[in-house]
Amino acid sequence: MGFFNSIFGKKAAPQRELNHPSQLNVGDMISIDDSFALPPQLRGQQLRVEAVHTYESERKQQTEWLLKGHGSDTLFLSIEEDDETYLAFSIKISRAQVEQLFDLEQFSALFDEPGHAELTTQILPADLAEQLEQWLGKQYHQVTFAAFGYFHRQDYRGQKPPQDANGATGEPFEYYLLLDDDESCAVEVEVYEGGDTDVVLTLYRPLTDIRDYWPAK
């Protein structure tokens with residue numbers, strides 16, 4: 001056999017199939033369309049999967065991919081299933097940016113029952129508009145109030161997250177969601193134990209915005 005191997009070489013292992021975002025693993029890369037409809041953090045970028053996380057709620061599990069490109073921004077990707085399948089790209093914003101984007105009195109109303117807050121995006125200073133304008137809708141309405149879930153810093157695709165004697169093992173949080181009028185943009189808020197709060201802007205986009213996939217070597 002060694003003789004034939006030396007002549008013909010060993011057959012290369014087949015490359016892993018990667019043609020859908022649901023198949024992405026750590027180390028894989030994607031390239032994004034260069035459409036001017038996309039914000040600069042996405043437009044024409046090559047992004048690498050740095051981590052795969054899991055959100056667990058009573059009704060479903062959702063996978064989140066943490067992405068990094070050549071810039072300093074960390075981006076997040078999940079998949080939304082409705083009548084069609086969409087990409088949900090997200091970017092986390094700071095408290096200072098929240099104060100610049102929204103009226104804080106309006107924003108704080110999303111934590112008040114029964115959860116019917118409305119949010120209007122304020123006029124942005126030029127530097128912030130360049131960064132975030134294409135992530136934003138003009139007007140938002142609240143659709144989710146204090147939904148309970150767990151965040152896991154592990155990939156649990158195809159399996160249930162583990163439980164201990166006290167139940168779920170992830171980081172518990174309350175979830176709040178606001179959508180803009182055409183449901184192409186969202187503001188998502190997660191409030192963790194101790195009051196730590198994450199605010200992200202989310203953009204819903206077609207699957208075709210991912211132009212190419214490269215599996216990790």
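**Rings and backbone**

Tyr176 is buried, at 4% relative accessibility. Buried means under 20% relative accessible area, exposed means over 50%, and partly exposed lies in between, with a 1.4 Å probe and protein chains only. The rings of Phe145 and Tyr176 form an edge-to-face pair, because their centres are 5.6 Å apart and their planes stand at 80°. This pair links distant parts of the chain: Phe145 is in strand S7, Tyr176 in strand S10, and 31 residues separate them. Phe145 is partly exposed, at 26% relative accessibility.

A word on terms and origin. This is a predicted model, in which local features need pLDDT of at least 70 and side-chain atom pairs count only at pLDDT 80 or more, while totals for chains, interfaces and linings use all residues. Residues are numbered from 1 along each chain as its sequence is written, and side-chain values use heavy atoms, with hydrogens and water left out. Helices (H or I, at least four residues) and strands (E, at least two) are DSSP runs, numbered from the N terminus. Rings of Phe, Tyr and Trp (its six-membered ring) pair if their centres lie within 6.5 Å; planes under 30 degrees apart count as stacked, over 60 as edge-to-face and the rest as tilted.

The structure holds nine aromatic pairs. One of them joins Phe111 and Tyr176, edge-to-face, at 4.9 Å centre to centre and 80° between the planes. It too links distant parts of the chain: Phe111 sits in the loop between H3 and S6, Tyr176 in strand S10, 65 residues apart. Phe111 is partly exposed, with a relative accessible area of 31%. Which residues do ring pairs link into a cluster? They are Phe102, Phe107, Phe111, Tyr140, Phe145 and Tyr176.

Now the backbone. The peptide bond from Glu113 to Pro114 is cis, with omega near 5°. Pro114 lies in the loop between helix H3 (104–108) and strand S6 (118–120).

Positive phi values come next. Ala146, in strand S7 (residues 139–152), has phi near 50°, a positive value in a residue other than glycine. Ala146 is partly exposed, at 25% relative accessible area. Glu183 has a positive phi near 55° and is likewise a residue other than glycine. Its place is the loop between strand S10 (171–180) and strand S11 (185–192). Glu183 is partly exposed, at 46%.

Gln15 is in the loop between helix H1 (2–8) and strand S1 (29–32). Gln15 is exposed, at 67% relative accessibility. Its C-alpha atom is separated by 8.1 Å from that of Pro215, 200 residues apart along the chain.
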